[in-house]
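Work through the exercises below with the model open. Try each task before reading its solution.

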6 protein chains.
Amino acid sequence: MAQTREIRLGLPSKGPLAEPARELLDQAGLRVHHPNPRQYQADIPNLPGVTVLFQRPGDVVVSVRDGSVDFGITGWDMVSEKRGENGHILPIHTALGFGQCTLNVIVPEAWEKVNTLADLKALQAEWNRPLKVATKFPVQAEAFFQRNGLEFVEFISAEGTLEIAPTIGYADLITDLVSTGVTLRDNRLKCLVDGQILASQGCLIANRESLKNNLVTLGVARTLLEFIVACLRARDNVSVFANMRGDSPESIAERMFTQAVIGGLQGPTLSPVITRQGEKWYAAHLVVRKDQLSQAISELRSVGGSGVVISPVSYIFEEEPVEYQAMLKQLEDGNA
Amino acid sequence: MAQTREIRLGLPSKGPLAEPARELLDQAGLRVHHPNPRQYQADIPNLPGVTVLFQRPGDVVVSVRDGSVDFGITGWDMVSEKRGENGHILPIHTALGFGQCTLNVIVPEAWEKVNTLADLKALQAEWNRPLKVATKFPVQAEAFFQRNGLEFVEFISAEGTLEIAPTIGYADLITDLVSTGVTLRDNRLKCLVDGQILASQGCLIANRESLKNNLVTLGVARTLLEFIVACLRARDNVSVFANMRGDSPESIAERMFTQAVIGGLQGPTLSPVITRQGEKWYAAHLVVRKDQLSQAISELRSVGGSGVVISPVSYIFEEEPVEYQAMLKQLEDGNA
Amino acid sequence: MAQTREIRLGLPSKGPLAEPARELLDQAGLRVHHPNPRQYQADIPNLPGVTVLFQRPGDVVVSVRDGSVDFGITGWDMVSEKRGENGHILPIHTALGFGQCTLNVIVPEAWEKVNTLADLKALQAEWNRPLKVATKFPVQAEAFFQRNGLEFVEFISAEGTLEIAPTIGYADLITDLVSTGVTLRDNRLKCLVDGQILASQGCLIANRESLKNNLVTLGVARTLLEFIVACLRARDNVSVFANMRGDSPESIAERMFTQAVIGGLQGPTLSPVITRQGEKWYAAHLVVRKDQLSQAISELRSVGGSGVVISPVSYIFEEEPVEYQAMLKQLEDGNA
Amino acid sequence: MAQTREIRLGLPSKGPLAEPARELLDQAGLRVHHPNPRQYQADIPNLPGVTVLFQRPGDVVVSVRDGSVDFGITGWDMVSEKRGENGHILPIHTALGFGQCTLNVIVPEAWEKVNTLADLKALQAEWNRPLKVATKFPVQAEAFFQRNGLEFVEFISAEGTLEIAPTIGYADLITDLVSTGVTLRDNRLKCLVDGQILASQGCLIANRESLKNNLVTLGVARTLLEFIVACLRARDNVSVFANMRGDSPESIAERMFTQAVIGGLQGPTLSPVITRQGEKWYAAHLVVRKDQLSQAISELRSVGGSGVVISPVSYIFEEEPVEYQAMLKQLEDGNA
Amino acid sequence: MAQTREIRLGLPSKGPLAEPARELLDQAGLRVHHPNPRQYQADIPNLPGVTVLFQRPGDVVVSVRDGSVDFGITGWDMVSEKRGENGHILPIHTALGFGQCTLNVIVPEAWEKVNTLADLKALQAEWNRPLKVATKFPVQAEAFFQRNGLEFVEFISAEGTLEIAPTIGYADLITDLVSTGVTLRDNRLKCLVDGQILASQGCLIANRESLKNNLVTLGVARTLLEFIVACLRARDNVSVFANMRGDSPESIAERMFTQAVIGGLQGPTLSPVITRQGEKWYAAHLVVRKDQLSQAISELRSVGGSGVVISPVSYIFEEEPVEYQAMLKQLEDGNA
Amino acid sequence: MAQTREIRLGLPSKGPLAEPARELLDQAGLRVHHPNPRQYQADIPNLPGVTVLFQRPGDVVVSVRDGSVDFGITGWDMVSEKRGENGHILPIHTALGFGQCTLNVIVPEAWEKVNTLADLKALQAEWNRPLKVATKFPVQAEAFFQRNGLEFVEFISAEGTLEIAPTIGYADLITDLVSTGVTLRDNRLKCLVDGQILASQGCLIANRESLKNNLVTLGVARTLLEFIVACLRARDNVSVFANMRGDSPESIAERMFTQAVIGGLQGPTLSPVITRQGEKWYAAHLVVRKDQLSQAISELRSVGGSGVVISPVSYIFEEEPVEYQAMLKQLEDGNA
């Protein structure tokens, strides 16, 4: 029966991931159409049969885990905290490139001598009572403290603005998400230098059962991964056209192969340029990483290139994405 | 030791109660001074020694319950859900006049035959399986369903946008807060006609122990109640001055006492008006309710009044507020 | 049957009168409650039985004329243009104090020699062809041109941004509403010095038949007029309390009667002030116009006043408003 | 003489078409320069000699019809309603891709049994009186009702918020524009299932006489059409580069021709890729439709393609646009 | 000739004083009418003959000094810096109640040992080179450093964001205005504990010559001072009405005179209240300071008061304002 | 020592150049990362070792002049005014394509006969007293007046809104920046027809010493120029792909060389298109200027082109930018 209902994709309805998640889908050619902002459903015209649901970031995880939703985009912090033990959640892309933050152990600035976990342990020994730690991520926090041998700790589960908890005595210290650090500083708190519990960013998850039992889900997974991966790869690259002087394509390529950036594995496309005066010129076309562009220009010039034109790229599709292969592998392993 | 630290007042940091709570304090002469919006602390210049903490609406209740905060303003819905059994929370004003909403049992519009709790019971019997109810208020919801004999119910605790839960099969029905009903309608849901679990509005709560052990807390409670009560009472009243023709104050008052609105219990203030021609006029001053103003004007005219000038009032202080008396009573009862 | 349906009040849904119309009702104690901004109906909690309809300014007039709406607030420009001949529209307050503008004859700045209607006439004679006049108010415009002997005129009914009509040759000149004149200047146009067709502001109109046949309508008319008139009058006045030295109320009043502003027709209220040292002081209470306040202070000081406290007033109710009497008179006249 | 004045293009000054009309021109390389927002004129630096006029959507049609403006961009709904019979308006592009809406027959939700025109006819028969229909588009509405045999109908021409007309009895039903349907639902109205009178979107119109008599106008028409058509076509396409393994361009093309999407009519561009190891690779370049991109990737892979790079395109110029040819044809026909 | 031109009042066109300066005038009954926001002139309908000019805060001082403007409202910091030696500027109100800030000596947070001027002196000695101080207020800064014996200092006059000067080595330290301190902290700077150069707030200044030679200017000065002083005084007070039980006005007043707040110098107004049962009640009317309201309520209750109604006051006019007297004195002194 | 500190780039913190300066860097691949908007420092992830400082436009010049900042982007007006005589400032790009404005001599509209510098001279002669000129750019203004033989002029240095200076008699005329002219007109001022002192736009400046002594600075200068120049050039160009029928690349190129736009100096890239039917087609790739695109399309069609696809370009790198060469030259000259 599951095959006959529509496929569902949960997106964050608010918080810092809501906007970038929709932007990523938009750039990946999968724009969300949502005419009535008070309604919690929407659709993706280029993915017929898929319904978008706007949910709180944590509810995305819970719904995918219990199978009422097939796919979700949310933060890795939430997935780690709420995915549970049952293996129903399959993370299929864990680095969507937005919502970067870290989950950290955070103490008052006033604790001048406490900068590491070891200092914290010493403090606990000195006080001779359990440390009270307020956290929105008790699962992660407890595991981290245990891993690091900090055992005399009492966890207080809380929601919202933990930043005041140490001030009001509600807790001694907190674990919380940090992106720019400005809010911490305004509330006179600091991170421990070795207190990073988790690095998080936006990720795409799926319900394992739905993937296994419903071919439509599998097809949607493949389309999502294909377009998202191709879109993310394109963000870091540009398309480069350069005019190269040379007797033959082979001799030009030879010179280019001597260079670090423009002498990539496979080689450039080379097409003849017809000139008025009959000199031999070829147009080279290649794709280079944005952060190597400056070097690529230098290298091109050093081997006789000029008139370098850079164009944006929207997608780069390589072979079937490794993320898709990895997902299939996980599905099989789960079967074994 | 508790006596020596500052008194704390928790206010909602976001949600529909955040703004009106600050506005009420402002109108009551207790403006919150909060220069850095990223900091979660503030103060009230007219209440020295009191620190304001901005917290999520639910955390206000939890902090007052555990004593890390002395007073809180939040919704009665949250107080009811999270006050717990231990009696540490003392509600000292339960009708602050903002944030009105109701907690309701809500079902899909598509359930055309289900409009009452009885219908719901019948549906459960027909389906012969427990109804799944998603709720942000499990304590309230369970008590309500039990009180009404709906026992085959499975509660699913959730946060955020419950409105999609029935659509995606995450739950059969929900209980949620309703203010205007527009969001319900957009998501094709409806309230049961006898499904109101709770009526809520903004309220002021305090920590019982702090009130009992700390005279400063008691003083702050009295000031808060005095000014809030006087401010709320003033909202509904205006000050009325009218010129009345008559031989003596007594004869004018006599005529006024025959009227419903302007012949109140105690009677008007009457002062002589000195006229050029020497006729006998008196100025009457009284306070009337805004919703009786139209009638008051008619009555004044009918007994010879004219030139009625209406002025706003900022506060009306009667005897010590009944809310303060009731609070002292509760404190004593708790001691017995 | 008409008696049994609700009474309707049309308000402008957009344009420069929309906001001030709602503000006036709000200040007059008749706040419009309109929770869903996309809905075109609302109500006034303090006027039960009255439904508010949001309509375009011109539609307000048409609906009151045809009786589908009982009352309307809109601009006098619209009323003048669309009230028609049949006398169904009764203007019951024509100076609500907002939306002031004038309807003017407007020509290009480039017509340096044309500044009066006489100049315009001369121009027409010189051109020897009818002048083309674009206007949104053809009824008003035609009557005005005829009254002023400008007969060779062709009117072009238009909507919207007339300011470009002369530039593009769609018309030679225009008649249009002017409030600050800035838009005129930006489009290089100017008003004729004797070309004011109409002065307009917000006004309250009613359907004559509804007033005659429905006592509820009449009651609503009275309440609207009472509160609006009392509110408008209050805007221009303040309440003045002053301490006056003097042997008796009569002697103080005598001195005050010699003054222009504070010696009004009826005289002040005078109440004894009890002083520590036993000197004779009285408190005078009077109402003065805001624009005479400065003079009132001087006069009070000149006759021994000091400690003058000024308070705002919300409403001033005199005898039944003359506007209501005038309305009843018009209804009777219509009957004769 | 007309040849010597500037060419004029009317754009909507407000309403839902104003913003997208300017965006389309911007994307088509014809940005409107409008430094003073209170002025109703502007220019297009890349179209010297053309003046932009901002007008109300309906006035655009009227001005083009009477020749005071040469070109206009506005909604097809307005064109249909106001173009008149005289053939002065030539629609030269009727699908500019924005402002999509439909003109519909709309009745109260409360009329549960009325869902089709036939039901409406039955209702009219039952009531035995003409149905009152409020409409902003009387020409369209009357023709539609007549075409469908609904004759006992009285039309009421109105402007603005028709949605309240049925509620207040001003009309029985309405015809109005619908885009998302949310406003309808908020005012408890519904469309008849067979009641669509017109489908509308933004369109470009011209004055026939100006085109016939003024070569400058004709040149502007051609430029507008060239760039708008090339821009609209580009929106739906992307540029695809792929590396293909193969012995020769011909053998690669052969394999590509076997495919549905990438084996288009004309074939790909193929240029040699020079590789380090000397394998034979070629770069294929082709343009594909966005909605076929997913399939194009699969097809490319199936015939040995890899490293597919997608780039955006800004314009696609085919032969002289068919819209231009059609316009010339219409001009000639008009002459015959 | 000067007598015949209009009187000019310079207001800050931007910066933190612009808005509050206009609000103060508005509350004082002197609303600025400024329909075209791009024009730098405006008028005050209630002060005919006075033209408002919007100028940069420093230019206000310069224009009043050179006599091209008669009055100015700006910050005391600017007045102190730019008033010059010639005595042309007469400050006539120096505490308008807005724009409070201090001019401070500010050093990097990293200078852990430098917290006082003495520390700064020590640092200078240690470095053995002049300290570079960037400042927008060189006159004030130099005088302050000299007064405090810090002589080896080189001043760098600068505009704008001084906060980066120490970081980039443009200066060693700065003097700058501080209101909340948040910006300092964000740029890792701190104030010296004894480094306050000046406390500033909004003030009203006038040109001495204009006041001496032009009676109109003198009249405007008086009106400005009267209304501003009366408005500022009213902000801190409320009007109190209370019902008092007692045999006679004198006996009630006697009891009130025993109290600290309600037994003021002059005594309350007392008017009889006529009651149904004939008990003796009087209504007391007095004005109390807002920050003593709480105590006033207690005192009233303690001497038999009840039903205390508080109303806002708009102005309190005492005798001719001391600020006006002081101004006349200064004018005379200048003559001597 | 200077070599070891970070390189600094000053950007305008406010005013009309602030936003476009950041946009240019962003488009040039050098996005400014500035998470805390109240901090005056930021960095450019793609230019490690470079710190951005936000300064007032004039302070950018002063800081680069004194060497505390290495590079600055600001208006040429500011550079001209404040660069001083010492040659420390090296302008390395003077046409960044934003912030265009002119510095003009501006007089009241009321001076009907004064439209040229000669008229101004005549006026001065007639008045027989020096003209008072208010200016924010005294250096530029004085030089201009002197160059033009206007010697009897008194300059008044001022900041801010000079537009009111003539009205209030603070000056007779002004020199000020003009971009759209709207503000001038609102304040009834006009430019002299031959009174343009300077044309300004955004420019990039550097400190000469830093460039000479610090190789890192030189490297940053080169990167900035490379990317900014390539980005600016790209703005005006597009990439054109067209299918060309022809027997050989050479014959196609021959035909293209006969054309004005598409027969550029070097010639197109030509690659074979493999067609189903075996006709001979080639794909031509060239770059053309946007403002010649229309003509390029026509020319391509005229020589057998079709299917023209236009793509955006992000950068065009030619040989090392002439601006960089010019900078090196200036550095050497300075050494000589």
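**Exercise 1. What percentage of contacts in chain A join residues at least 24 apart?**
Take contacts between residues at least 6 apart in sequence; 72% of those in chain A join residues at least 24 apart. Contact means heavy atoms within 4.5 Å.

The model is predicted: local features need pLDDT of at least 70, side-chain atom pairs count only at pLDDT 80 or more, and totals for chains, interfaces and linings use all residues. Residues are numbered from 1 along each chain as its sequence is written, chains are lettered from A and ligands numbered from 1 in the order in which they are written, and side-chain values use heavy atoms, without hydrogens and water.

**Exercise 2. Compare chain A with a compact globule.**
Start with the rule: 2.2 Å times the number of residues to the power 0.38, with the radius of gyration taken over C-alpha atoms. Next, take the extents: the C-alpha trace spans about 85 × 60 × 45 Å along its principal axes.

**Exercise 3. What percentage of chain A is buried?**
Buried means under 20% relative accessible area (1.4 Å probe, protein chains only). Buried residues make up 55% of the 336 in chain A.

**Exercise 4. Which residues have the most contacts inside the largest nonpolar core?**
Such a core joins buried Ala, Val, Leu, Ile, Met, Phe, Trp, Tyr and Cys residues through side-chain atoms within 4.5 Å. The largest has 108 residues, and Leu293(C), Phe71(E) and Leu120(E) have the most contacts inside it. Helix H9 (residues 215-235) of chain E gives this core its largest share, 10 residues. Helices are DSSP runs (H or I, at least four residues), numbered from the N terminus. Now follow Leu293(C): its partners include Val238(C), Ile310(C), Phe227(E) and Tyr315(E), not counting residues up to four places away in sequence.

Technical notes: Buried < 20%, exposed > 50% of the residue type's maximum accessible area, 1.4 Å probe, protein only. Helix = DSSP H or I, 4+ residues; strand = E, 2+ residues; numbered from the N terminus.
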